[in-house]
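Please keep the sequence and the 3D view open while you read.

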Amino acid sequence: MSSWTERSPAVAAMLNPALLAVVAGAATEEYTRLSGEPLHYAYPYLVAPLVLHHDTRQALPRRTDSHLATWLLRNPVIAAGFPERAKSLTPAVTEGLRFALAHGSLSLTDSGHLIGGIADNARPAKVGDIAAIVAKSGFVGRWLTKLDKPATAFALLGVRP
């Protein structure tokens, strides 16, 4: 990531470490709540491009019983653009994960999986796009529990961890 002085205000607002920490935290919280297992450390790199991109976020299914492969077939434009979006967000997601780990909202297990969530005093106001981003982050966390292993999600989305 570039230094803060080099970032445009829009990039600084939408890709700030605190927001990315909340995105990872919401996904981790919901994944763990539903599966009883910690979140694979690489999943936030999929969650962020799914929820931060407006059109992708809007196209996400409403229910977790919609399989990722089926959703991608129904949304070929989103599927085609996903790898580039994921790649471009990698530095921001890394920065957000470091922020979450440094501030104690997420922790790593001995196997490198994520546990934790969003502290009540760290939850953003439920207004505008931020509310939708946080809600969809939790949804994607629940949705990922339907896959047998992380490699499946990465393969379907056309990216490598």
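1. A word on terms before the surface: patches are made of residues with over 30% relative accessible area and no salt bridge, and nonpolar side chains are joined into one within 5 Å. Please also keep in mind that this is a predicted model.

2. With that in hand, look for Tyr 41, Leu 101 and Leu 108, which make a nonpolar surface patch of about 280 Å². Leu 101 belongs to helix 6 (residues 76-102). Its relative accessible area is 33%, so Leu 101 counts as partly exposed.

3. Helix 6 also meets helix 2: their axes come within 7 Å and cross at roughly 80°. Because 65 to 115 degrees counts as roughly perpendicular, that is how helix 2 and helix 6 are described relative to each other. On the helix 2 side, the contact is made by Pro 17, Ala 18, Leu 20, Ala 21 and Ala 24. Helix 6 brings Ala 92, Val 93, Glu 95, Gly 96, Leu 97, Phe 99 and Ala 100 to this contact.

4. Further along, is Glu 30 buried or exposed? Glu 30 lies in helix 2 (residues 17-35), and it counts as buried because its relative accessibility is 15%, where buried means under 20%. Leaving aside residues up to four places away in sequence, Glu 30 touches Gly 138 and Arg 142.

5. Finally, turn to helix 3 (residues 44-52), where 8 of the 9 residues are buried, so the helix is largely enclosed by the rest of the structure. The buried residues are Pro 44, Leu 46, Val 47, Ala 48, Pro 49, Leu 50, Val 51 and Leu 52.

Conventions
Residues numbered from 1 in each chain as written. Predicted model: local features only at pLDDT ≥ 70, side-chain atom pairs only at ≥ 80, totals over all residues. Heavy atoms only, no water. Patch = residues over 30% accessible without salt bridge, like charges linked within 9 Å, V, L, I, M, F, W, Y side chains within 5 Å. Areas by Shrake-Rupley, 256 points an atom, 1.4 Å probe, with all protein chains shown as cover. Salt bridge = Lys/Arg side-chain N within 4 Å of Asp/Glu carboxyl O. Helix = DSSP H or I, 4+ residues; strand = E, 2+ residues; numbered from the N terminus. Buried < 20%, exposed > 50% of the residue type's maximum accessible area, 1.4 Å probe, protein only. Contact = heavy atoms within 4.5 Å. Axes fitted to C-alpha atoms, helices over the stretch in contact; angles between N-to-C directions. Parallel < 35°, antiparallel > 145°, perpendicular 65-115°, else oblique.
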